[in-house]
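This report describes how one protein chain is packed. Please view the sequence and the structure below before reading on.

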Amino acid sequence: MRDMVDFSRWNNDLAKTCGHFKGVAHKHQSAVKGRVTAHDFDGLVVADICGDVAAITRDLADSQRDTAEHIFCVIQASGKLQVEHKGECASLGPGDCILLDSTKESTLSFVQPGRLLVLHMPRGDFLGSFGGRIQIGHMLPADHPLAPPIRQQIQHFSQGWDPSASVGRANSDLILGMIQLAFSNLVDFAKDHSAKNKECQFAVALDLIQQNLTNQDLSLAWLSQQIGMSTRQVQRLFEAENTSFSREVRERRLTVAAARLRNRKTTRRIHISEVAFDSGFRDLSNFNRGFKSRFGMAPREYLETLA
């Protein structure tokens, strides 16, 4: 059960965490079923906002009262939200994301009570050389290839990091890079040859691989298209790290397969082919060869050692 808190207290917690935003109560509403908390994300702040208020607003006078300027990455964790910002209007459902500029007016109307995760990013650092090429006020749908890794990183930092997570823990530079990529012109991202950006490009590539291991479309060409780079540019990213696209895909699929074998219940016969296909492999012979090379034994032998 979520706590019931006095509306004025909830509103004060919102302002303390996110700056001069104001909650708008429903008619006769005196208490809020929810809370506002803050968590650290490698020096950044993630606000976790739950509530059944009517809306959250910020006008120009509010924005001028804040001493710091931010770009907010808002993730709709649950419920439904209608967002008005910079003349744009967007409807968000679970998993959708949007960027808001703290220097502009915003109205977030709750169509359904829900939960928001809001990453605070320093405005100047985030916009940087991207400037107006980042799409502020535009929604990133939940099914966009970059939405899951962004969402997972921010969710983990609002709930405590899970060591068993399918993606590695990113630092603030990498998560900002992912968000810049997701909301900007891909051509601009691909043309940035700085060392920092190459690190971000490689991290994004690995996250997309991890999130799509069982996706039949996963290929070097597919990955290149997702991050707006040529296949040769992506190959160079992997070569700079002394690896390759095919090696990273194979190693991650084998790791998933081994974990599936370890977690299988012994109450029924395990079909090695099922484990292989569920881990993203399409060729059983290739899976068996790769597994033996990686673990020193065939999948069935590996399973027997676990008995």
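## Cores and packing

The largest nonpolar core comprises 49 residues, and Leu-99 and Ile-179 have the most contacts inside it. A nonpolar core is a set of buried Ala, Val, Leu, Ile, Met, Phe, Trp, Tyr and Cys residues joined through side-chain atoms within 4.5 Å. Buried means under 20% relative accessible area, exposed means over 50%, and partly exposed lies in between (1.4 Å probe, protein chains only). Helix H7 (residues 195-211) gives the most to this core, namely eight residues. Apart from this core lies another one of 24 residues, among them Val-53, Ile-56, Val-83 and Leu-100. In soluble globular proteins, nonpolar side chains tend to be buried together.

The model is predicted: local features need pLDDT of at least 70 and side-chain atom pairs count only at pLDDT 80 or more, while totals for chains, interfaces and linings use all residues. Residues are numbered from 1 along each chain as its sequence is written, and side-chain values use heavy atoms, with hydrogens and water left out.

Contact means heavy atoms within 4.5 Å. Not counting residues up to four places away in sequence, Ile-179 touches Cys-73, Leu-99, Leu-119, Met-121, Phe-126 and Ile-150. Ile-179 is also one of the buried residues of helix H5. Helices (H or I, at least four residues) and strands (E, at least two) are DSSP runs, numbered from the N terminus. H5 (residues 172-182) is mostly covered, with ten of its eleven residues buried.

Gln-135 lies in the loop between helix H3 (123-127) and strand S11 (139-140). Leaving aside neighbours within four places in sequence, Gln-135 is in contact with Leu-99 and Phe-183. Gln-135 and Ala-182 are 47 residues apart in sequence, yet 9.2 Å apart in space, C-alpha to C-alpha.

| Residue | Relative accessibility | Class |
|---|---|---|
| Cys-18 | 8% | buried |
| Cys-97 | 0% | buried |
| Gln-135 | 40% | partly exposed |

A disulfide is a pair of cysteine sulfur atoms within 2.5 Å, and by this rule the count is zero. For Cys-97, the nearest cysteine sulfur is that of Cys-73, 5.2 Å away.

Helix H10 (residues 245-263) and helix H12 (residues 284-295) pack at an angle of about 85 degrees, with their axes 10 Å apart. Axes are lines fitted to C-alpha atoms, for helices over the stretch in contact, and angles run from 0 to 180 degrees between N-to-C directions. H10 is therefore roughly perpendicular to H12, a class that covers 65 to 115 degrees.

Conventions: Parallel < 35°, antiparallel > 145°, perpendicular 65-115°, else oblique.
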